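Me: Got a structure I'd like to walk through with you. Can you put it up and take my questions as they come?

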Amino acid sequence: MYYIGYDIGSSSVKIALVEAATGEKIIALHEPQDEMEIMAHHKDWAEQDPEIWWQHICVGTKRAIKEANIDASKITGIGISYQMHGLVVVDVAGKSLRNSIIWCDSRAVTIGDKAFAEIGEQKCSEHLLNSPGNFTASKLKWVKENEPEIYKNIYKYMLPGDFIAFKLTGQITTTKNGLSEGMLWDYKENKVATWLLDYYEIDQSLTPAIVENFTNQGELNDKGSQETGLPIGIPVVYRAGDQPNNALSLNILKPGEIAATGGTSGVIYAVTDQLKSKETSRINSFVHVNYTNENPTVGKLLCINGAGIQYRWMRNIGGLDSYENMNNLASEVPVGSDGVVVIPFGNGAERMLNNKNIDSHILNLNFNKHSHGHLYRAALEGIAFSFVYGMEIMKNDNAEIKVIRAGNDNLFRSEIFSNTVATLIGHEIEIYNTTGSVGAARAVGLVDGDYEKFGQNIMNNDHVMTYMPLKNAEHYLEAYQNWKTALEKIITNK
């Protein structure tokens, strides 16, 4: 028997098949072969046609079944991961009324800021654990204000994963996870934040019915079966945003456990059972995948926009053909990069810097002393230091650190990067070879509630290595302090 998992990203749709009994990956692939288009009709806008996601799921599912050479009738359940915070609106027939306003679209920033100011920080902090911000609820308000003809035809609003579940089953539902991503879950009252909908003058009936994770959320209908090649009647049992799902994929389910991602942007995702936050703007809190009213586990998410994109920029201008060659040159340079400091925040405004856009900076460069290797090491150190800086903010916001796990990709492939983070935070970092679509597929098996078995399967199948904190941390601490001093001067001058 097998489970299938989907991860609907903004660049591609990833599909994975795993063996039901062990969680072992059978196949993982993505559609399309190149990247999906993101439409930007105006500055800071970002849209995608949700029907395109569905088309790629159908093509990719048939490909996965064929290439894995399995009997499709033995696929028994579906899990869904998806890009967070997006807005999909459909009419009464379930037809999408407009392109999805996706996660990186910032048209609703001023709407969220105005709501935060007028509703008040205390109520937002106590009930939402966040500012309304530029999330799904604020995007829906933007549609109401700017596209009234579309708004009046809306039957339901959804998150991207809800739309895919609907295409599979014909049922329009959402989850507490999804509502929390849209800033529409009231943690204090344990229900939809209808008061925010009322503030935005949005009809409460537009909210879909709520289904629980790790239960039957709807079964594949005839149309879904014909278009995907999956068996009629198999259930969708799980859906979650990509970052909570990434945490699940790494067996991050208990307070004190942290998932880290080091891609183009960096993410620190810490699980806690504390329903309070002092950082309603710099950190976002979301319902975690195993949240229940009795055990309300929350994921605190801190995003670093300018992370791996800095190292990619270095590769492009340096003319090297691989990150491996860059890492080799960087390894010849001592800790602290002989004084070179790289501030990596060159990918727009940074929430953890209170939404300031401070750009990237290369400091203390000496033309007679420093080489490509110094630049590469300083870039890796600068990105690592930004992770450590973010974790300090996390710890100050009631997040406990017991274990850190990360995927075996991007920045965490670099010993310099991983050793720097592990040494400065004083915690080991466990590296696992897994993906979001594999995690979503494995999550189907959690209908039995056996989290211990789930975690053990990840350990058995995916553990690659563990980075331990280095004993001699003096040079790392000195380099980090120099970096932090430089950062704080730049922030002050901005």
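Reply: One term to begin with: contact means heavy atoms within 4.5 Å. With that cut-off, residues 24 or more positions apart account for 74% of the protein's contacts with a separation of 6 or more. This is a predicted model, where local features need pLDDT of at least 70 and side-chain atom pairs count only at pLDDT 80 or more, while totals for chains, interfaces and linings use all residues. Residues are numbered from 1 along each chain as its sequence is written, and side-chain values use heavy atoms, with hydrogens and water left out.

Me: How many helices and strands are there in the protein?

Reply: The protein has 17 helices and 22 strands. Both are DSSP runs numbered from the N terminus: helices are H or I with at least four residues, strands E with at least two.

Me: And what is the radius of gyration, next to the globule rule?

Reply: The radius of gyration is 22 Å, close to the 23 Å from the globule rule for 494 residues, so the protein is as compact as a globular protein of that length. The radius is taken over C-alpha atoms, and the rule is 2.2 Å times the number of residues to the power 0.38. Along the principal axes, the C-alpha atoms fill a box of roughly 70 × 55 × 45 Å.

Me: What share of the residues is buried?

Reply: Buried residues are 60% of the 494. Buried means under 20% relative accessible area, exposed over 50%, partly exposed in between (1.4 Å probe, protein chains only).

Me: Switching to packing. At what angle do α12 and α13 pack?

Reply: Helix α12 (residues 323-330) packs on helix α13 (residues 372-395) at about 100 degrees, and their axes are 7 Å apart. That makes the two roughly perpendicular. Angles under 35 degrees count as roughly parallel, over 145 as roughly antiparallel, 65 to 115 as roughly perpendicular, and the rest as oblique. Axes are lines fitted to C-alpha atoms, for helices over the stretch in contact, and angles run from 0 to 180 degrees between N-to-C directions.

Me: Which residues make the contact?

Reply: From α12, M326, N327, L329 and A330; from α13, G373, Y376, R377 and L380. By class, the contact has 5 nonpolar, 2 polar and 1 charged residues. Ala, Val, Leu, Ile, Met, Phe, Trp, Tyr, Cys and Pro count as nonpolar, Asp, Glu, Lys and Arg as charged, and the others, Gly among them, as polar.

Me: What about phi at N251?

Reply: Near 60 degrees, a positive value in a residue other than glycine. N251 is in the loop between α10 (242-249) and β14 (257-262). N251 is buried, at 16% relative accessible area.

Me: And S337, where is that?

Reply: In the loop between α12 and β18 (341-343). S337 is not a glycine, yet its phi is positive, about 55 degrees. At 0% relative accessibility, S337 is buried.

Me: Last one: what does S418 touch?

Reply: Leaving out residues up to four places away in sequence, S418 touches L411, F412, I429 and Y467. S418 is in helix α14 (residues 415-425) and is buried, at 0% relative accessibility.
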